[in-house]
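Have a look first, then read on.

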Amino acid sequence: MFQFQNLFEQLFQYLKIEHYLILNDLCDGKKLLELIYDDLGFLRKYNPLKNLMWNDKDKQWMNHKLFNEKFEPLYHPLLPEEK
């Protein structure tokens, strides 16, 4: 665990993330999902690729839920811009 912690600390320093939390010894992920969603049947039908649509202009697959018609982002950036 100590080696992983050092790697994460270096990564966070590189990304200039000052505050972070590393948790270990977490509960079983399936049990946690069952507590949150009750029925996990949706996981058999879930397809993350449905979020992608072909963009003829840029000739690439894009997530159409991230931008509006003018390609302006719909969400704020995860990391604030440096000034």
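Is Trp54 buried, partly exposed or exposed? Trp54 is partly exposed, because its relative accessibility is 42%; the label covers values between the two limits, with buried meaning under 20% relative accessible area and exposed over 50% (1.4 Å probe, protein chains only).

Some ground rules before the rest. This is a predicted model, where local features need pLDDT of at least 70 and side-chain atom pairs count only at pLDDT 80 or more, while totals for chains, interfaces and linings use all residues. Residues are numbered from 1 along each chain as its sequence is written, and side-chain values use heavy atoms, with hydrogens and water left out.

**Aromatic rings**

Searching the whole structure turns up 3 aromatic pairs. Rings of Phe, Tyr and Trp (its six-membered ring) pair if their centres lie within 6.5 Å; planes under 30 degrees apart count as stacked, over 60 as edge-to-face and the rest as tilted. Phe12 and Tyr20 make a tilted pair, because their planes sit at 35°, with ring centres 4.3 Å apart. Trp54 also has a partner: with Trp61 it forms an edge-to-face pair, 5.5 Å centre to centre and 70° between the planes. Phe8, Phe12 and Tyr20 together form one aromatic cluster.

Here's how some of those ring residues score for exposure:

| Residue | Relative accessible area | Class |
|---|---|---|
| Phe12 | 16% | buried |
| Tyr20 | 36% | partly exposed |
| Trp61 | 56% | exposed |

**A positive patch**

Lys30, Lys31, Arg44 and Lys45 form a positive surface patch. Patch members have over 30% relative accessible area and no salt bridge, and like charges are joined within 9 Å. A salt bridge here is a side-chain nitrogen of Lys or Arg within 4 Å of a carboxyl oxygen of Asp or Glu. Two helices, α2 (29-37) and α3 (42-45), each give two or more residues to the patch; helices are DSSP runs (H or I) of at least four residues, and strands (E) of at least two. Arg44 lies in α3 and is exposed, at 72% relative accessible area.

**Two other spots**

Glu18 sits in the loop between α1 (2-14) and α2, and is exposed at 67%. Its C-alpha atom is 27 Å from that of Gly29, 11 residues apart along the chain.

Asn63 belongs to strand β2 (residues 60-63) and is partly exposed, at 22%.

Methods: Patches are made of residues with over 30% relative accessible area and no salt bridge: like charges are joined within 9 Å, nonpolar side chains (Val, Leu, Ile, Met, Phe, Trp, Tyr) within 5 Å. Accessible areas come from the Shrake-Rupley method with a 1.4 Å probe; for residues, only the protein chains shown count as cover. Lys and Arg count as positive and Asp and Glu as negative; His and the chain ends are not counted. The place of a charge is taken as NZ of Lys, CZ of Arg, CG of Asp or CD of Glu.
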